[in-house]
Amino acid sequence: MEEKVVAIEGVTRQFGLLKALDDLTFSVDPGCVHGLVGANGAGKTTLIKHILGLLRARSGSVRVFGLDPVKHPVEVLGRIGYLSEERDLPDWMRIHELARYTQAYHPKWDNSYSDELIQTFELDPQQKIKNLSRGQRALTGLIAAVAHRPDLLLLDEPSSGLDAIVRQDILREVVRAVADEGRTALFSSHLLDEVERMSDVVTMIHKGKVVLHGSLDDIKDGHQHLTLRFPEEQMVRPTIAGALSLEGFGNQWQAVCNGELEQAKAAIQALGAEITEVRNASLQEIFVARVGRGVPTKTEG
Amino acid sequence: MNIQISLKDGVPIYRQIVNQVKYMVASGQLTSGMEVPPIRVLAEQLLVTPNTVVKAYRELETEGVVYKRRGAGTFISENGSPLKAAEQKRILTERADTLLTEAQQMGYSLDDITTLLNERAAVLGKAKNKSAKEHG
């Protein structure tokens, strides 16, 4: 088997009373786009900081390219291209200076690639970073993250607060990294549509735990969205064994089921309701069913 | 290739690509020998992971809709015609199923639908004759 790009085992991290990561185990396979989803405060950024070696694992182990990122920062960080949500860049530099500065850390830096991106994104290399717009700042950070063709492209909420055009520019670079050379991308996002389009593998975390992990195809195959029609209006939410969630009003209700479809079908029949439609659930629907507030789920809540 | 991805109805993205390419072959928008976009190009255009396009093309190849020419790209197959007929039938069957389901929900009988279809065929036939005369 190919070596995991990232392998995290049993990592727990507590900030005060808050368990940001709770015995979390997680891995990233090479050559794919891996989407990391979770509500705000689920632990995504804390997880990414462990991958970068910015946080030391207090318990459990973190391996990136088989190495401990805290003990081998040069070897590990040299192979990662990272775009943080805050896009923290040296404000006093000009764009071309940042390119030269980043290059110094990355022997594989490709000048023609960075020049091409500066041109595509219509950036002025002479511009000072502090004077850039939000979108230009993100694109500048993106160039610094991709122009050395990293083995792992790591993006923390890359679309956060950006317009559709800049979001597309960023995702296109992810496609390019993976399509051309079979490199790996890991990105966190709360935009479920984006994750569903872009990911081969998805990990959903909630309150520091992994609640769902697998190839997007398997996750989608394993979750169905059912539309139900009851003979009478339901004044309270009906209970259906095998359903992860149930939302609706009157006699029209929608359920999301996982795997336990037969059990749910029997329960629905027993209630006298009719199933008017069965289809695959979208990632958005799966996410809401798994970690939403509507119904108690199997995870602690 | 104008492919539209929708995340609303839950259909996996690779399946949407497969279905739309087959539809374009069946409707004559893609003809044998035409090249389909390289994986990276289509992935960038649709903003989907390249592996999804790989999976869609592999399935289309297995079904004989496209073939790969080493180092040259992916092309629409020559022997598209039997598949084309089957695909046309499949598309129409799907439409018929939708029509029947909706009609049933509205309380239409099969006879009602047949009458409606005949009526519509007559109307469309007239419109076609008229425009043919005007242009002729």
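This is a predicted model: local features need pLDDT of at least 70, side-chain atom pairs count only at pLDDT 80 or more; totals for chains, interfaces and linings use all residues.

Trainee: In what order do the elements of chain B run from the N terminus on?

Mentor: They go α-β-α-α-β-β-α-α.

Trainee: How much of chain B counts as buried?

Mentor: 21% of its 136 residues. As for contacts in chain B between residues at least 6 apart in sequence, 58% of them join residues at least 24 apart.

Trainee: OK, new topic. How many residues of chain B are in contact with chain A?

Mentor: 16 residues of chain B, and they meet 23 residues of chain A. On the chain B side, the elements giving two or more residues are helix H2 (39–46) and helix H3 (50–62).

Trainee: Which one gives the most?

Mentor: H2(B), with 4 residues. By class, that side of chain B has 10 nonpolar, 3 polar and 3 charged residues.

Trainee: Now chain A. Where does Ser199(A) lie?

Mentor: In the loop between helix H7 (192–198) and strand E8 (201–206) of chain A.

Trainee: Buried or exposed, that Ser199(A)?

Mentor: Ser199(A) is buried, because it has 27 other C-beta atoms within 10 Å and the cut-off for buried is 20 or more.

Trainee: So what is Ser199(A) in contact with, leaving aside neighbours within four places in sequence?

Mentor: Val33(A), His34(A), Gly35(A) and Leu216(A), plus Thr49(B) from the other chain. Take Gly35(A): 164 residues separate it from Ser199(A) along the chain, yet their C-alpha atoms are 5.4 Å apart.

Trainee: How is chain A divided into domains?

Mentor: Into domain 1 (6–217) and domain 2 (222–291). The C-alpha centres of these two domains of chain A lie 37 Å apart. Their contact takes 10 residues from domain 1 and 6 residues from domain 2.

Trainee: Which elements supply the domain 1 side?

Mentor: H7, E8 and strand E9 (209–215) of chain A each supply at least two residues. H7(A) gives the most, with 4 residues. By class, that side of domain 1 has 7 nonpolar, 1 polar and 2 charged residues.

Definitions and conventions
Residues are numbered from 1 along each chain as its sequence is written. Chains are lettered from A and ligands numbered from 1 in the order in which they are written. Two residues are in contact if their C-beta atoms, placed from the backbone, lie within 7 Å. Ala, Val, Leu, Ile, Met, Phe, Trp, Tyr, Cys and Pro count as nonpolar, Asp, Glu, Lys and Arg as charged, and the others, Gly among them, as polar. A residue is buried if 20 or more other C-beta atoms lie within 10 Å of its own, exposed if 12 or fewer, and partly exposed in between; C-beta atoms are placed from the backbone. Domain bounds come from an automatic or database domain assignment.
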